Amino acid sequence: MALATRTDRRPSTTRTIWDSSVGKKSVMAVSGLVMLGYLVVHMLGNLKIFFGADEFNGYAHWLRTLGSPFLHHEWALWIVRVGLLAAVVAHAVSAYQLSRRDIRARPVKYAHKRRRASYATRTMRWGGVILGLFIVWHLLDLTTLTVNERAWAGHPYENVLSTFSTWYGNTIYIVAMAALGLHVRHGFWSAAQTLGAGSARRDRTLKFLANGLALVLFAGFVSVPVAVMTGVVN
Amino acid sequence: MKLTLRVWRQRGADAPGHMASYEVDGISEDMSFLEMLDTLNEDLILRGEDPVAFDHDCREGICGACSLVINGDAHGPERTTTCQLHMRSFDDGDTIDVEPWRAAAFPVVKDLVVDRGSFDRIIQAGGYITAPTGAAPEAHATAVPKADADFAFEHAECIGCGACVAACPNGSAMLFTSAKVNHLNVLPQGSPERETRVLDMVARMDEEGFGGCTLTGECATACPKGIPLPSIAAMNKEWLRAVRKGPR
Ligand code: HEM
Ligand code: FES
């Protein structure tokens, strides 16, 4: 028996990935994991605030000299920034497009309503929007210092204290970190499924890791405003 | 038992629909949900009204024809098909909401009947094997490891009812498609089309207007045949592998 030979041409790999709901979701998973990796490092760096202004500001200075003498001043930092921007854009665009598809797929709602899925799962979209807004606020606050009340360029320790001595600075930060914890709780496990690493055998380990990461990130990040508020860091 | 039913009535595909209330009396708890609806329809016919249209065929939980979202749950409160759901799962005096599968890819034909042709087209895109026809091959000619056979069987249980789509907040057909892909992709008989199968079936699934997977797990909870949620991860793995290797 002769098998039919395919004569139609397949689109490029990039096209196939971006045009498919499964492929686009894998873009979301990879970009999410990239951001997640960054956040773990970022959180560890933030904890240096507990060891005084010199250590923290020295660390911030070192970040700018990273890679020297091979890389010019701040180049390493800019490489990371460009990578992160690409990740945020890829993540947000795929999240938006996939969400549109999902909503269109159920044009008529059920009359009998009931809660579907866990809280972390249900809040991925709005939690993501909160994170997106927070990223903008956070950059204006501590990178460009545009909205920081006692901005002092080159002195991140003092700028952090300034942020966390306002009620809104603390509120915005803590709410965003709660959103982050929830997002990572569903997101990390989800990304494992999307990338094909999930299985019945590994499920408990993956859920444990997701919860652990979410908790460690939340606790690590939130320890800073709490320390400033309670005067442990001053 | 005496029950109040609130049932979706819609005269045709393009007609507007609404939830209509009916009282049914004399329901035995040993009746299946469909027999309860038969009782309602007998009443309606005697009263000269249009009976409620709903899908059913085998009534023994194997064909996948029956559907219905009952009080917000696909196939109702038990993990079984609507034809195998018994009225003892309800209490006398209950009000029960009965709605069709809701998904853009499952348009309503009439009342509670939806067109699941989109599932057929996903199957047509790759849910088959290219085997020579003729005399049945010797059963032991192609060895299948036990673990693979179990995996294939688990996924072959899918009866294509569409409860996964109905339960998913995104109207996604990922569980259905993954059951079909995994069933054939793990077997030697399915391996010649291993890459094209998953690429074509997923592409067809997207074209039909199903939503994407956000891993809420609602599909696997609703599945009367217990197709597990990790099936989706297994299909994602096959899909990414096929993209990497390129279809043969
Ligand atoms: C621009 C802000 C963000 C938006 C709008 C956003 C939105 C989303 C949405 C809608 C999903 C899919 C949820 C679902 O499948 O149920 C998702 C998944 C995910 N997000 Fe985000 N998110 C944002 C920021 C982040 C950040 C900062 C991280 C880093 C920790 C992250 C990590 C993840 C991961 C790992 C996933 C899982 C991907 C998958 O399901 O395969 N996201 N995000
Ligand atoms: S009627 Fe066949 S499965 Fe329910």
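Across the interface of chain B and chain A, three salt bridges are found, a salt bridge being a side-chain nitrogen of Lys or Arg within 4 Å of a carboxyl oxygen of Asp or Glu. One of them joins the side chains of A:R114 and B:E218, with 3.1 Å from N to O. The model is a predicted one, in which local features need pLDDT of at least 70 and side-chain atom pairs count only at pLDDT 80 or more, whereas totals for chains, interfaces and linings use all residues. Residues are numbered from 1 along each chain as its sequence is written, chains are lettered from A and ligands numbered from 1 in the order in which they are written, and side-chain values use heavy atoms, with hydrogens and water left out.

In total, 47 residues of chain B are in contact (heavy atoms within 4.5 Å) with 40 residues of chain A. The two chains bury about 3500 Å² between them, 56% of it on carbon and sulfur atoms, where buried area is the accessible area (1.4 Å probe) that two parts lose on being put together, summed over both. Of the area that chain B buries against chain A, 17% is supplied by B:R102, B:L215 and B:W239, more than by any other three residues.

Ligand 1 lies between chains A and B. Among the 25 residues around this ligand, those that come nearest are A:K25, A:H91, A:H183, A:G187 and A:T194, a residue being counted as near if one of its heavy atoms lies within 4 Å. An N or O atom in the side chain of A:K25 is 2.5 Å from an oxygen atom of ligand 1.

How values were computed
A polar contact is a pair of N or O atoms within 3.5 Å; within protein, one must be able to donate a hydrogen and the other to accept it, and residues adjacent in sequence count only if both atoms are side-chain atoms.
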